[in-house]
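This briefing goes through one chain, residue by residue and then as a whole. Please read it alongside the sequence and the coordinates.

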Amino acid sequence: MAIISRLPVPAPVRRAAPAPTLGQVIAARGYQPNYRDGMDCPGCGFGAFYLGRHSAECARCGTALPFAPAGGAR
């Protein structure tokens, strides 16, 4: 009769999912414009904004945009 040992079976190796690419992140999040000094409104093309503490609002159509992070890429 053969002797069968009861050794623990190793668990399968789980690999981390690859990090999403920038294109995948943007596709999942959607288009999110930020206000930068001197830009035109993405809604109507007008160039005047009312500036608040946390956002800028277009003077013509009222589109609200959050401020871009300081030192961000243009």
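Met39 is found in the loop between α1 and β1. In this predicted model, Met39 lies 9.3 Å from Phe49, C-alpha to C-alpha, with the two residues 10 apart in sequence. Phe49 also belongs to an aromatic cluster and to the largest nonpolar core.

- Beyond its neighbours within four places in sequence, Met39 touches Asn34, Gly47, Phe49 and Leu65.
- With neighbours within four places again left aside, Cys58 is in contact with Cys41, Cys44, Phe46, Ala48, Phe49, Tyr50 and Thr63.

**Aromatic pairs**

- The whole structure holds 2 aromatic pairs.
- In one of them, the ring centres of Tyr35 and Phe67 are 5.9 Å apart and the ring planes stand at 65 degrees, so the pair is edge-to-face; the cut-off for that class is over 60 degrees.
- Tyr35 sits in the loop between α1 and β1 (49-51), and Phe67 in the segment after β3 (64-66), so this pair ties together parts that are 32 residues apart in sequence.
- Tyr35 counts as buried because its relative accessibility is 11%, and the limit for buried is under 20%.
- Phe67, with a relative accessible area of 31%, is partly exposed.
- Ring pairs join Tyr35, Phe49 and Phe67 into a cluster.

**Nonpolar core**

- The largest nonpolar core has 6 residues: Tyr35, Cys41, Phe49, Ala56, Cys58 and Leu65.
- Tyr35 and Phe49 are members of this core and also of the ring cluster.
- In soluble globular proteins, nonpolar side chains tend to be buried together.

**Nonpolar surface patch**

- Val25 is placed in helix α1, which covers residues 22-29.
- The relative accessible area of Val25 is 33%, so this residue is partly exposed.

**Chain as a whole**

- The chain contains 1 helix and 3 strands, which follow the pattern α-β-β-β along the sequence.
- Of its 74 residues, 9% count as buried.
- The chain exposes about 6,700 Å², and carbon and sulfur atoms supply 58% of that area.
- Among contacts with a separation of 6 or more, 25% are between residues 24 or more positions apart.

Technical notes
Residues numbered from 1 in each chain as written. Predicted model: local features only at pLDDT ≥ 70, side-chain atom pairs only at ≥ 80, totals over all residues. Heavy atoms only, no water. Helix = DSSP H or I, 4+ residues; strand = E, 2+ residues; numbered from the N terminus. Buried < 20%, exposed > 50% of the residue type's maximum accessible area, 1.4 Å probe, protein only. Phe/Tyr/Trp six-rings, centres within 6.5 Å; stacked < 30°, edge-to-face > 60°. Core = buried A, V, L, I, M, F, W, Y, C linked by side-chain atoms within 4.5 Å. Contact = heavy atoms within 4.5 Å. Areas by Shrake-Rupley, 256 points an atom, 1.4 Å probe, with all protein chains shown as cover.
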